[in-house]
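Trainee: I would like to learn how to read the features of a model like this one. Can we go through it step by step?

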Protein chains: 6
Amino acid sequence: MTQLESSIYKSIEALDAVDGMAGEASVSVDKVKEVVETVKSIVFPGFFGATSDLRTKLELLHFLLRGQIKLALVDDENGYERSEDLCCSFIEGLAEIKRLLYTDVQAIQDNDPAVKNISEVISCYPVVQAMLHYRTAHALLVLGVPVIPRIMTELAHSRTGIDIHPGARIGEYFAIDHGTGVVIGETCIIGDHVTLYQGVTLGAKNFSYDQEGRPVNKPRHPIVEDHVTIYSNSSVLGRVTIGHHSVIGGNLWLTHDVPPCTKVLQGREQKA
Amino acid sequence: MTQLESSIYKSIEALDAVDGMAGEASVSVDKVKEVVETVKSIVFPGFFGATSDLRTKLELLHFLLRGQIKLALVDDENGYERSEDLCCSFIEGLAEIKRLLYTDVQAIQDNDPAVKNISEVISCYPVVQAMLHYRTAHALLVLGVPVIPRIMTELAHSRTGIDIHPGARIGEYFAIDHGTGVVIGETCIIGDHVTLYQGVTLGAKNFSYDQEGRPVNKPRHPIVEDHVTIYSNSSVLGRVTIGHHSVIGGNLWLTHDVPPCTKVLQGREQKA
Amino acid sequence: MTQLESSIYKSIEALDAVDGMAGEASVSVDKVKEVVETVKSIVFPGFFGATSDLRTKLELLHFLLRGQIKLALVDDENGYERSEDLCCSFIEGLAEIKRLLYTDVQAIQDNDPAVKNISEVISCYPVVQAMLHYRTAHALLVLGVPVIPRIMTELAHSRTGIDIHPGARIGEYFAIDHGTGVVIGETCIIGDHVTLYQGVTLGAKNFSYDQEGRPVNKPRHPIVEDHVTIYSNSSVLGRVTIGHHSVIGGNLWLTHDVPPCTKVLQGREQKA
Amino acid sequence: MTQLESSIYKSIEALDAVDGMAGEASVSVDKVKEVVETVKSIVFPGFFGATSDLRTKLELLHFLLRGQIKLALVDDENGYERSEDLCCSFIEGLAEIKRLLYTDVQAIQDNDPAVKNISEVISCYPVVQAMLHYRTAHALLVLGVPVIPRIMTELAHSRTGIDIHPGARIGEYFAIDHGTGVVIGETCIIGDHVTLYQGVTLGAKNFSYDQEGRPVNKPRHPIVEDHVTIYSNSSVLGRVTIGHHSVIGGNLWLTHDVPPCTKVLQGREQKA
Amino acid sequence: MTQLESSIYKSIEALDAVDGMAGEASVSVDKVKEVVETVKSIVFPGFFGATSDLRTKLELLHFLLRGQIKLALVDDENGYERSEDLCCSFIEGLAEIKRLLYTDVQAIQDNDPAVKNISEVISCYPVVQAMLHYRTAHALLVLGVPVIPRIMTELAHSRTGIDIHPGARIGEYFAIDHGTGVVIGETCIIGDHVTLYQGVTLGAKNFSYDQEGRPVNKPRHPIVEDHVTIYSNSSVLGRVTIGHHSVIGGNLWLTHDVPPCTKVLQGREQKA
Amino acid sequence: MTQLESSIYKSIEALDAVDGMAGEASVSVDKVKEVVETVKSIVFPGFFGATSDLRTKLELLHFLLRGQIKLALVDDENGYERSEDLCCSFIEGLAEIKRLLYTDVQAIQDNDPAVKNISEVISCYPVVQAMLHYRTAHALLVLGVPVIPRIMTELAHSRTGIDIHPGARIGEYFAIDHGTGVVIGETCIIGDHVTLYQGVTLGAKNFSYDQEGRPVNKPRHPIVEDHVTIYSNSSVLGRVTIGHHSVIGGNLWLTHDVPPCTKVLQGREQKA
């Protein structure tokens, strides 16, 4: 027996002795990526590759998405029928996703003096990718599709450094500049015309645990009202409310409510 | 009509009703990526795949880059001729890009005790990728090439978490350690021998707006003089000047000038 | 001579005049990526593509890894023989890597109320990727394999924004939430049941230099004892010790020891 | 103007002056290839890659095939609706295609003493590929699908050197040994248990032309009855009938009827 | 030493002892394939993938072709300059290639009653591929480009079973039906409106040898005048002339001249 | 239930009712292709892509080939151990394969006046590919490896139209010109310095059947002695012997022995 064979033999024995877990036929990250790419080609036609007509793209979207939803619903005995309903509902909701995304594009353009035109925003700004993934994922999560939404937002996280939980609720005209390090938690509620900068965390302060010591999933992230701006690297934590038209400076650690129309800077808080 | 057909029909109607925008034959992100890869194989031969001779690589670079510049100049009636001039000028400037990049590599090596040798820096350090993209993009931007520079730096941003605007001006021997979350704004001016750590923002404090409410693109980011070090997660905002040989500690929020040879730490500022 | 030929001619002359460096037949980033993917398919079978049996995967791993180790040891005259030993030792250690990774998966699940089940953690959480890369890289580094470990952790850094030096020592049940911007330095020592949030830096405060001005590689990063939690965007710098069962709040800049069972928040430090 | 630009200019002018034809959005050879691969994975599961369940494969087949049929029916104003009918009919007919193909596999095995087992026939024998393409193409042609059947059989022709027109009618238990150079024309009628060897042509002798000089598409290829064998490189031309249980030797040129149970060799014809 | 290492060691020794030949940086078969694909997209726009405008395709063609010609002329000290001339000349000749190919397409359509329309001929008929490769290769060979023409026609041979030497001279309106097994030798001269069927050989009868025993390359293949048809599997060998408007039946072995307007069948030859 | 679902339902039922066969984890055609490509890069270094050193190529070959041999021996209870022996034996025999292939290359060059140099033969001549596949496959078959040899020669058949059974025995300096349609049967024995032209069949005349009606695998193909040439499209059938230094003309059907030094033409046979 060669050295290698002996090592392989030992390794197999030892690996088998470690309790692990084997994945089963399950949702495919690559297929979910294709789903989002197809949505992208529907919402921003001509920017990202596919040149076929809208009907063909929708049929492709249906084919890809239904396949993944069926896998995601593998434990649901009516999964096969439900997947068609969910898929059709999602397709009917695409126009609203498109409408929201164009408000985001508009907001980005209004915020950044370096922008030359709207094409540049769609082609270059990572936040557009992040919002496309988030708004698609959120729509699926609202319909009750498991697993897939989370995979979608992680794909955006890996690519842009922007980590938005698909459960968060985000209004119109949402902008993030630069974006790396932004975290938006599962139970956040964000109004319209909100702008964030890189490194902003809208997170939980601490968790409640149930009697068995498992963390409880209840509202634990901030509410950010309309027309709020939060500058870079600030963290807003817990179920606090940032009132409308407020401005939160950078590098802050905020764990209390902020009234509307307030400017919070390091060391002081003042009516705007 | 099946459920799906009905959904598709409704979706098409609704999508058409949303005002959107169709991209046209335009600069390709994938081709821009190839351009940067080719520059990389010219500057760091033997490290990244291509093994052909220098002349062949330059011809490939010309072919790829000219194609994209023509697309970027699609609204310029002399675009076809100008693209050749721009492309040739860029090629003549490659040696300067190479020279600058080797100063960066040197600076990285000088800063990090974990470095074993210069090959390791070129192969492994994300900042080398980021600077290759930035220095290439900046050279094109200076020549007047639109769109492409921004796509180049976004590619690096996605890959490294380092977001440098191609318009920024950066001197020799520039180093960034770790890098995730670094943001360097469009009108920054950075001297020689400057070192940044992860999460450093050199950003704008606020924008001026013109009479139509559009943000004005004027100098609004810091000037960082020679031999300055800025530690992790600090933000320097607005058109302030950090004097030469200064050291800015971590986690700071700085919106005023700092005189030369100054050490700024949390809560205090002192002559070095 | 056309404009292009003249530009190419000038460019070649100028490029040759810049002192640079040519890489040689060396470790391939793509092959290292395949090595990690193979380890992943061994540790988490069924989740990531490959469906072959364990023995076949181990043979593939041996083939890929040995090839890269030989290249990494190119300056070692016994490199050919040593590469087989190193490769076999690594394979024998795979079960321990697997065991540790399942403790990490468990810790992630225990920390995040948004988690539905363990499959979701393995499929979606970027920290699982980061730890897989790190634990694989660390095992190789401990065996004395050069270059490859660093390439592995940079691959994870690019993908997840989590930058763990392969030299760091990390105990069981390690969790990072969100993760973007986390930096863990080369000489860190981290105990069991430690949890970090996004943007946490465990870094060096400053370097010592030797007589020739080269930075000295000695212990310069924190020691974090068991059951410590560090919240988002805090930096712990230098060879300080965070005592067991301590909690470090967010956005802090910490350069001193913290006794066990202590809660450090902005502006105050208290016994938990 | 450089030499190249001048050449390109001249070339464009000259090319435009040549009357040509521009293809439109049309059936894709690559997609048709995928259709056949999917049929293959349904008929011979486990031999050729795809491992998903039958239902999933049929849904994929529907998606791919319907897309191509719609393109093929682009001039038919009811093409969209008809494509669904045609696709469903084809899917219902798959079991018959499968049944026929297994008779072919059986016939190949019975003919060749070099065969070890049925797996080898399915994996290695080019005639299996050719018949899979032909039987799939013929079923589509019978349903009235244009263009696609012909593309399918040309794909097999390119790969195997066996050129069967999709319009030919071929019975059960059909075998071709080696196969290179076999040609079976559009109006051939072939019975059961027929065997051909390489280079056999079942072709037309001459064409009729209509009043405008266009060749007329009428029965012009042979009828080959049950249990006939035709040896290598023989040509049977025109609307002749080869009677059942006949054997046609090699290298023959045959343009007349052959009665049942006849052996035709070079220079003589005899009752078997 | 394991069994494998010992085998590898022996094998290296033994392999080194066999006199062989090492290829050098040379013409790439894959790149030559790209050249032909580009010509195809110029001549038959819209049929085969590429959708860019004519100028862009010609620039791509120039880039690809010039690179290969330079490699093919590696032993020519003026190769670099000549490659540009040759490439430009070829580009200027593209319109003639296009014109000839459309005559071939027309001839194919006129010959085959199974043809539905001209699109089908361009998309499906292997002879169109074969003639595209041949006419492109012949144009390059006439210009004096070495090696590349032969690679081009071998690519077509592999794909279609039609083997045309690039040195052959072929007139307008040339058709081959089915095509597998057709061979057309280097010194053939073929007129206009000639039609061949599968398996036809236009070959050499025997070779002359020079004083050193090397075969002499002189005219040794047939001359086929205008309006000749040769049916399947016939061989015409040696420098014979088939007079215009003649018809050669199938399965014949012909080594003598045939006067114009003659019909040659098995066993007899008659004035048409 | 939609039309499609109903069709799928019916189709599944009907497909299940047809007796078929499911392939199991078995030899992969794509992997076998890689094995041959690796042998090619060892025998003709520098011609076909891979540039690594000989030892690395042999290790790759071992890895790929052993994996496939194990699968091929899946029913052999000692398959795992035997696969290593077989693989090592094959590797030790590579030098002989190389030696034989260079004799073939030499023979091709000596036969064709159109050849410019030996590089051209190796790069362009399909028979070189065919012989590489055959000689590799034959060596494996002689060692007792099942299935893989047949897959190898079918790969060459598909690509070149040359169909050589791996069981045939072929001497040195073997040449085939053009090659399409050549068939060489399983029990052929071919001497040295033999040349064939396109369309030549060395086949069986008829089969013996055993008592159960299965064809018997016994010597049934021709013996061709040294220095024989067979011209295009001739068939030699049955266990006949073509004596050394004989020449067989084209288009012949030969089923009897031919004495040495004989010239066989259509209609006559004469002492050379």
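Mentor: Start with Arg99(B). Arg99(B) has a relative accessible area of 30%, so it counts as partly exposed. Buried means under 20% relative accessible area, exposed over 50%, and partly exposed in between, with a 1.4 Å probe and protein chains only. A word on the ground rules: this is a predicted model, where local features need pLDDT of at least 70, side-chain atom pairs count only at pLDDT 80 or more, and totals for chains, interfaces and linings use all residues. Residues are numbered from 1 along each chain as its sequence is written, chains are lettered from A and ligands numbered from 1 in the order in which they are written, and side-chain values use heavy atoms, with hydrogens and water left out.

Trainee: With which residue does Arg99(B) form a salt bridge?

Mentor: The general idea comes before the case. Side chains of opposite charge can pair when their charged atoms come close. The rule for a salt bridge is a side-chain nitrogen of Lys or Arg within 4 Å of a carboxyl oxygen of Asp or Glu. Here the partner of Arg99(B) is Glu96(B), with the closest N and O atoms 3.0 Å apart. Glu96(B) is partly exposed, at 40% relative accessible area.

Trainee: Where do Arg99(B) and Glu96(B) lie?

Mentor: Both sit in helix H5 (residues 94-111) of chain B. They are three residues apart, about one turn of the helix. Helices (H or I, at least four residues) and strands (E, at least two) are DSSP runs, numbered from the N terminus.

Trainee: What about Arg99(E) and Glu96(E)?

Mentor: They form a salt bridge, with the closest N and O atoms 3.0 Å apart. Arg99(E) and Glu96(E) are three residues apart in helix H5 (residues 94-111) of chain E, so about one helical turn separates them. Arg99(E) is partly exposed at 31% relative accessibility. Glu96(E) is partly exposed too, at 39%. In chain A, salt bridges that share partners join Glu96(A), Arg99(A) and Glu172(A) into one network.

Trainee: How many salt bridges does the structure hold over all chains?

Mentor: The count is 66. One of them pairs Glu92(B) with Lys10(C), with the closest N and O atoms 3.7 Å apart. That pair crosses between chains, from helix H4 (residues 79-92) of chain B to helix H1 (residues 3-17) of chain C. Glu92(B) is partly exposed at 34% relative accessibility. Lys10(C) is partly exposed at 44%.

Trainee: Now an interface. What is the area buried between chain D and chain E?

Mentor: The size of an interface is often given as the accessible area lost when the parts come together. Buried area is that loss (1.4 Å probe), summed over both parts. For chain D and chain E it is about 3,800 Å², and carbon and sulfur atoms give 59% of this. In residues, 44 of chain D are in contact with 47 of chain E. Contact means heavy atoms within 4.5 Å.

Trainee: How many salt bridges does the rule find across the interface of chain D and chain E?

Mentor: It finds one. Lys10(D) pairs with Glu92(E), with the closest N and O atoms 3.7 Å apart. H1(D) gives the most to the side of chain D that touches chain E, with 10 residues. The residues on that side divide into 16 nonpolar, 17 polar and 11 charged. In this scheme Ala, Val, Leu, Ile, Met, Phe, Trp, Tyr, Cys and Pro are nonpolar, Asp, Glu, Lys and Arg are charged, and the others, Gly among them, are polar.

Trainee: Last one. Is His133(C) buried or exposed?

Mentor: His133(C) is buried, with a relative accessible area of 4%. It is found in helix H7 of chain C. Leaving aside neighbours within four places in sequence, the contacts of His133(C) include Val36(C) and Met152(C).

Notes: Buried area is the accessible area (1.4 Å probe) that two parts lose on being put together, summed over both.
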